[in-house]
Amino acid sequence: MDQKFAKAKERMLRWDLKGRDIVDPRVLEVMVEVPREEFVPSTHRSQAYHDGPLPIGRDQTISQPYIVALMTQELRINPDCEVLEIGTGSGYQTAVLSKLAKKVYTVERFSDLADSSQAVLDRLEFRNIEYYVGDGSCGWPTNRLPPSGCFDRIMITAALPEIPEPVVKQLARDGLIIAPIGGAGVQELVVCEKKANRLMERTICDVRFVKLIGKYGFDQ
Ligand code: SAH
């Protein structure tokens, strides 16, 4: 580990994660393992473990570490899970998911963000990830779905008015999906479990995410 960041990482673990409600040992472990400093722009590297989001260009942000950990914990990922992530951004959340899941399928709308996140993840040797550039509000391209034809877990990391029907369709039975649902300012972080083709919904807390721009998201 880069010693420069050891103290900041320790502070994050103790106060921002364990000090709140992150209790899953695997999630805590992975939050320590993944070098967040590699995913933030060089201009903000010294603040990599800061308790908040940071800009990553294109008016987008890398999410606050606590929110990454909370969303990951809520998804209860196991090593057999095929996970869809909508909104690759910096690739940091992708890395966290990749350590816990069998495979991660991640979609980003901006090709430059997709390219730079893939470059970092390749350099750090994260191998169980498939990338796609496009409108994730329509789900993953149907001709590239995993063999089962659906995902065990889905994480949406940008705000949208409701969970899009094509995305719900790609969630396995008994699968979990987490997303910030609401308007452009503040949203509710919602976890849904798919039961016999209907979603059982639970609200976690209020959050602020950038908008998901797309057919089933916001216009601009
Ligand atoms: N998990 C990321 C969060 C990035 S912010 C991180 O921690 O770095 C949300 C991301 O969603 C942005 O990169 C944005 O460009 C992307 N996004 C917005 N609308 C999208 C869409 N329709 N499909 C795919 N990605 C989208």
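Q: Which residues is Tyr66 in contact with, leaving aside its neighbours within four places in sequence?
A: With those neighbours set aside, Tyr66 is in contact with Asp16, Leu17, Arg20, Asp21 and Ile22, where contact means heavy atoms within 4.5 Å. This is a predicted model, in which local features need pLDDT of at least 70 and side-chain atom pairs count only at pLDDT 80 or more, while totals for chains, interfaces and linings use all residues. Residues are numbered from 1 along each chain as its sequence is written, and side-chain values use heavy atoms, with hydrogens and water left out.

Q: And where is Tyr66 found, in which helix?
A: Tyr66 is found in helix H3; helices (H or I, at least four residues) and strands (E, at least two) are DSSP runs, numbered from the N terminus.

Q: Is Tyr66 buried or exposed?
A: Tyr66 is buried, at a relative accessible area of 12%, given that buried means under 20% relative accessible area, exposed over 50% and partly exposed in between, with a 1.4 Å probe and protein chains only.

Q: How far is Tyr66 from Lys18 in sequence and in space?
A: In sequence Tyr66 and Lys18 are 48 residues apart, and in space they are 9.5 Å apart, C-alpha to C-alpha.

Q: OK, on to H1. Which of its residues are buried?
A: The buried residues of H1 are Phe5, Lys9, Met12, Leu13, Asp16 and Leu17. Viewed down the axis of H1, these buried residues fall within an arc of 120°, so they line one face of the helix; the arc is that of the directions from the helix axis to the C-beta atoms.

Q: What covers the buried residues of H1, and which residues are exposed on the other side?
A: The cover over the buried residues of H1 includes helix H2 (25-33) and helix H3 (65-75). On the other side of H1, Gln3, Lys7, Arg14 and Trp15 are exposed.

Q: How far does H1 reach from its first C-alpha to its last?
A: Helix H1 takes in residues 3-17, which is 15 residues, and reaches 20 Å from its first C-alpha to its last, close to the 21 Å expected at 1.5 Å a residue. The expected span is 1.5 Å times one less than the number of residues in the helix.

Q: Switching to H5, which of its residues are buried, and what do they pack against?
A: In H5 the buried residues are Leu113, Ala114, Ser117, Val120 and Leu121. Seen down the axis of H5, they fall within an arc of 135°, so they line one face of the helix. They pack against strand E1 (54-57), strand E2 (60-62), H4, E4 and strand E5 (129-133), and the face of H5 turned away from this buried side carries the exposed residues Asp115 and Arg123.

Q: What does Gln93 touch, not counting residues up to four places away in sequence?
A: On that basis, Gln93 touches Val68, Thr72, Glu85, Met155 and Thr157. Gln93 lies in helix H4 (residues 92-100) and is buried, with a relative accessible area of 8%.

Q: What about backbone angles: what is the phi of Arg58, and of Glu125?
A: Arg58, a residue other than glycine, has a positive phi near 60°, and Glu125, which is not a glycine either, has a positive phi of about 65°. Most residues other than glycine have a negative phi.

Q: Where are those two placed?
A: Arg58 is in the loop between E1 and E2 and is partly exposed, with a relative accessible area of 46%. Glu125 is in the loop between H5 and E5 and counts as exposed, at 56% relative accessibility.

Q: Last one, for the whole protein chain: how many helices and strands are there, and what percentage of the residues count as buried?
A: The protein chain has six helices and nine strands, and 53% of its 220 residues count as buried.
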